[in-house]
Amino acid sequence: MLSDGGTKAIVREIDRARSEILVQAYSFTSAPIAEALLKAHRRGVKVAVILDKSQKTQKYSSLTFLTNARIPTYIDDKHAIAHSKIIVVDREVVITGSFNFTKAAEEKNAENLLIIRSKELARPYLENWRRHRDHSGA
């Protein structure tokens, strides 16, 4: 478990977003992270999410919550597993690591989370997000 809490750190970065949040997630069941994305969406931040195809049948997936909130949500079914765990905030903050956006990642698993503040390093993550969105379905 992370000392400050991975979920808390992610929510803090989402709450700081001013213009855009792009998410790629393998497993996404974290209510606090989904609620933070909705809050950002409601304050005018562009939010878009790409999820692994397993999220269509995963119990407690945030897919339905995000879709019902009219947050653009895509399913990447072009790979055996779309295993990314990435959030790009305002094209300059990258959140990545092994940390799935789940309660288990927070409370049960040995995980790592890295927050990078660099427009230069964010660029390839943005390009990767766009490539995956381009082949993902709704």
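Helix 1 and helix 2 are roughly parallel to each other, a label for angles under 35 degrees, where over 145 is roughly antiparallel, 65 to 115 roughly perpendicular and the rest oblique. Their axes come within 9 Å and cross at roughly 5°. Axes here are lines fitted to C-alpha atoms, for helices over the stretch in contact, and angles run from 0 to 180 degrees between N-to-C directions. Helix 1 covers residues 6-16 and helix 2 covers residues 31-42. Helices (H or I, at least four residues) and strands (E, at least two) are DSSP runs, numbered from the N terminus.

This is a predicted model, in which local features need pLDDT of at least 70, side-chain atom pairs count only at pLDDT 80 or more, and totals for chains, interfaces and linings use all residues. Residues are numbered from 1 along each chain as its sequence is written, and side-chain values use heavy atoms, with hydrogens and water left out.

Which residues of helix 1 and helix 2 make the contact? Helix 1 brings Thr-7, Ile-10, Val-11, Ile-14 and Asp-15. Helix 2 brings Pro-32, Ile-33, Ala-36, Leu-37, Lys-39 and Ala-40. Contact means heavy atoms within 4.5 Å. By class, there are 8 nonpolar, 1 polar and 2 charged residues. Ala, Val, Leu, Ile, Met, Phe, Trp, Tyr, Cys and Pro count as nonpolar, Asp, Glu, Lys and Arg as charged, and the others, Gly among them, as polar.

Two strands pair if DSSP finds at least two bridges between them. Strand 1 and strand 4 (residues 85-89) pair in the antiparallel sense over 5 bridges. Val-23 has Ile-87 of strand 4 as its bridge partner.

Is Ser-27 buried or exposed? Ser-27 is buried, with a relative accessible area of 12%. Buried means under 20% relative accessible area, exposed over 50%, and partly exposed in between (1.4 Å probe, protein chains only). Leaving out residues up to four places away in sequence, Ser-27 touches Gln-55, Asn-100, Phe-101 and Thr-102.

Charged pairs come next. The structure holds 8 salt bridges, each a side-chain nitrogen of Lys or Arg within 4 Å of a carboxyl oxygen of Asp or Glu. Arg-18 forms one with Asp-90, the closest N and O atoms being 3.5 Å apart. Arg-18 lies in the loop between helix 1 and strand 1, and Asp-90 in the loop between strand 4 and strand 5, so the pair ties together parts that are 72 residues apart in sequence. Arg-18 is exposed at 61%, whereas Asp-90 is buried at 9%. Arg-18 also meets Glu-92 in a salt bridge (3.4 Å, N to O).

Arg-91 forms a salt bridge with Glu-20, the closest N and O atoms being 3.0 Å apart. Arg-91 is partly exposed at 42%, and Glu-20 is buried at 6%. Finally, a network of salt bridges links Glu-13, Arg-16 and Arg-117.
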